[in-house]
Amino acid sequence: MPNRNLILSLIALLAVQLGVWQWSLSYEHFLTLSGFLAINFMSITMLLAIRPKWLELPLGGLDKQYHLHKWTGILGAIFALAHWLVEMGDDAFKALFGKDRSLREADFSGLLDNLQGMFEDWGEPGLYLLLGLVVITLIRWVPYRFWRYLHRVMPLIYLSLAAHSLLLAPLSWWQQPTGWLMALLIGAGSIASLQSLAGLIGKSHRWKGVVKSARQISETTLEVVCDMGRNWPGHRAGQFALVTFDRAEGAHPFTLTTADRQNGQLGFHIKALGDYTRTLPRRLHAGHAVTIEGPYGCFNPEKNRSSAQQIWVAGGVGITPFLAALENRLANTDTQYQPVTVHYCTQSAIDDPNVEHLHVLVNQLPDVSLQIHDSRQGQRLTADGLQIQSAKVDIWFCGPQGLAAALRSGLSDSAVSLRFHQERFEFR
């Protein structure tokens, strides 16, 4: 579900487009408005797909960027469907609102006329393909390794629909902000599509290395250490990377569990959540080639407001960014850090190796206190269990969405100044 920041971003994008629109009432008005919004949102979707670094900070991280990418894609498909429905109901719209010849498509001759006819005919099958791919993405019935190849068709669909929009747009648009905005977005979307087709997305942030070790630390969690050599640019505790162990499977996002020691050694805790991650323990071995893209993310547990109570909450494998943050504190003892309480929720404290690791780290950090919540012992973390004692509270959360929703709900009536930071690893 979309959160408040996402909704505000979508409203802002819609407001900019409607702000340059020339309002009227006619069949052509509704037809061109729906097409205008459809191609613009599709263009924004393509731009977000190439993971531009300059958008990561203002949007709050790559995870938020991809969440916005998902919803602009959905809106683009909805407006494209609306465009088709208006065209199918042209008689009814003309009877109700009349016609506006100034918004009719441009008349060309020669080659442009042939291209206009070809891309006009392509609009309907292009819509079917677009809707089909959006539905496949949302229902997640197709395994990721197959879906990612289907998703690579999207730039081709976009480029054909962009040509459809350019050739069928009213000529008067190109002298108005309406056409200027659409041309700018289509230009950006087309460049992004070509980069995607050429396999250039993220290429400048990819690094090759080898697996140094892979060991099962619990029934469901694999600890992988990769050696990226001296070329690794460094990372901050709380960031993640897109990791490729198998080119056929593609990249998957995993949080870095180790602080940056400037030696190219990167650690990951990979939980068996699907078919691919369940097979990794028997497939990975020392010397296995790995490609890592990143680092990405703006999840920084040390970025807090002064005088605010600091609380870190982790569930299961969500402890990984906090392990890196604690290691970072140990490696930088000359830095002054704010006191923090770490709440770790686990299914079984006895069988969880992270519990022992946490105790070892926390025992060396007097400004860190640790609370273990063992679900097998009935120790469920609630909003009251966070023990809020300040008028200002910063909570950094990484774990199951259900736990996050329960804590947010329990804190909704709180009178404190609260900031709840959470990453969303929903890249599909």
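Across which strands does helix 12 lie? In this predicted model, helix 12 lies across strand 8 and strand 9, and runs at about 165° to strand 9.

Five strands form an open sheet with parallel pairing, in the order 9-8-7-10-11. Strand 9 (368–374) and strand 11 stand at the edges with a single partner strand each, so one side of each has no neighbour in the sheet. On average, neighbouring strands of this sheet are turned by 15° against each other, direction ignored.

Strand 7 (residues 309–315) and strand 8 (residues 340–346) run parallel and are joined by six bridges. Ile-311 stands opposite Thr-341 in strand 8.

## Helices and their packing

Helix 13 (residues 401–411) lies across strand 7, strand 8, strand 10 (392–398) and strand 11, and its direction is at about 170° to strand 11.

Helix 11 (residues 320–331) packs against helix 12 (residues 353–362) at an angle of about 25°, with the axes 10 Å apart. The two helices are therefore roughly parallel to each other. Helix 11 passes helix 12 in a left-handed crossing. From helix 11, Leu-323, Leu-326, Glu-327 and Leu-330 meet Asn-354, His-357, Leu-358, Leu-361 and Val-362 of helix 12. By class, this contact has six nonpolar, two polar and one charged residues.

## Arg-419 in strand 11

Arg-419 is placed in strand 11 (residues 417–422). With a relative accessible area of 44%, Arg-419 is partly exposed. Leaving aside residues up to four places away in sequence, Arg-419 touches Arg-305, Val-393, Asp-394 and Ile-395. Arg-419 and Ala-308 are 111 residues apart in sequence, yet 9.8 Å apart in space, C-alpha to C-alpha.

Methods
Residues are numbered from 1 along each chain as its sequence is written. This is a predicted model: local features need pLDDT of at least 70, side-chain atom pairs count only at pLDDT 80 or more; totals for chains, interfaces and linings use all residues. Side-chain values use heavy atoms; hydrogens and water are left out. Axes are lines fitted to C-alpha atoms, for helices over the stretch in contact, and angles run from 0 to 180 degrees between N-to-C directions. Helices (H or I, at least four residues) and strands (E, at least two) are DSSP runs, numbered from the N terminus. Angles under 35 degrees count as roughly parallel, over 145 as roughly antiparallel, 65 to 115 as roughly perpendicular and the rest as oblique. A crossing is left-handed if the near helix is turned anticlockwise from the far one by less than a right angle, and right-handed if clockwise. Contact means heavy atoms within 4.5 Å. Ala, Val, Leu, Ile, Met, Phe, Trp, Tyr, Cys and Pro count as nonpolar, Asp, Glu, Lys and Arg as charged, and the others, Gly among them, as polar. Buried means under 20% relative accessible area, exposed over 50%, partly exposed in between (1.4 Å probe, protein chains only). Two strands pair if DSSP finds at least two bridges between them.
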